[in-house]
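Thanks for making time this morning. I would like to take you through a few side-chain contacts in one structure, slowly enough that you can follow along on your own screens.

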Amino acid sequence: MKKTILGCFLFLAGMLSTALLLSGSMSSELTINGQFSFWKTLSAYGLIPAFYFFVIVAAIGGIVAIIGLIDKK
């Protein structure tokens, strides 16, 4: 039960942080050929490592939550 709750909170934290990064990058006025690009905006501000970190945190949280569901004590 504890693993499931921990995994759910890690997954939630990772996904919310990723969503905030993506929405913040799309609100920028930086465009490429007249179109918005979240990837170029993230790289312009040096946020690619943070994006990867948050995605990895979400993935680890999902794995821990699934292991917590499967684990039978």
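This is a predicted model: local features need pLDDT of at least 70, side-chain atom pairs count only at pLDDT 80 or more; totals for chains, interfaces and linings use all residues.

I will talk about a salt bridge, then about aromatic rings, and finally about one tyrosine in a loop.

Let me begin with charge. Side chains of opposite charge can pair when their charged atoms come close. The structure holds one salt bridge, and the partners are Asp71 and Lys3, whose side chains meet at 3.4 Å, taken from N to O. What parts of the chain does this pair tie together? Lys3 belongs to helix H1, which covers residues 2-26, while Asp71 sits in the segment after H3, so the contact links parts that are 68 residues apart in sequence.

Now to the rings. A pair of aromatic rings is described by the distance of the centres and the angle of the planes. A search of the whole structure finds five aromatic pairs, and I will show you two of them. One is formed by Phe38 and Trp39, an edge-to-face arrangement with 6.2 Å from centre to centre and 90° between the planes. Phe38 is partly exposed, because its relative accessibility is 34%, and Trp39, at 35% relative accessible area, is partly exposed too. The other pair is Phe51 with Tyr52, which is tilted, with the centres 6.1 Å apart and 50° between the planes. Is Phe51 buried or exposed? With a relative accessible area of 12%, Phe51 is buried, since buried means under 20%, whereas Tyr52 is partly exposed at 44%. Taken together, Phe38, Trp39, Phe51 and Tyr52 form one aromatic cluster.

That brings me to the tyrosine I mentioned. Tyr45 is placed in the loop between helix H2, residues 38-44, and helix H3, residues 48-70. Its relative accessibility is 56%, so Tyr45 counts as exposed, the cut-off for that class being over 50%. How far apart in space are Tyr45 and Ser25? From C-alpha to C-alpha the separation is 9.1 Å, and along the sequence the two residues are 20 residues apart.

I will stop there, and I am happy to go back to any of these contacts on the screen.

How values were computed. Residues are numbered from 1 along each chain as its sequence is written. Side-chain values use heavy atoms; hydrogens and water are left out. Helices (H or I, at least four residues) and strands (E, at least two) are DSSP runs, numbered from the N terminus. Buried means under 20% relative accessible area, exposed over 50%, partly exposed in between (1.4 Å probe, protein chains only). A salt bridge is a side-chain nitrogen of Lys or Arg within 4 Å of a carboxyl oxygen of Asp or Glu. Rings of Phe, Tyr and Trp (its six-membered ring) pair if their centres lie within 6.5 Å; planes under 30 degrees apart count as stacked, over 60 as edge-to-face and the rest as tilted.
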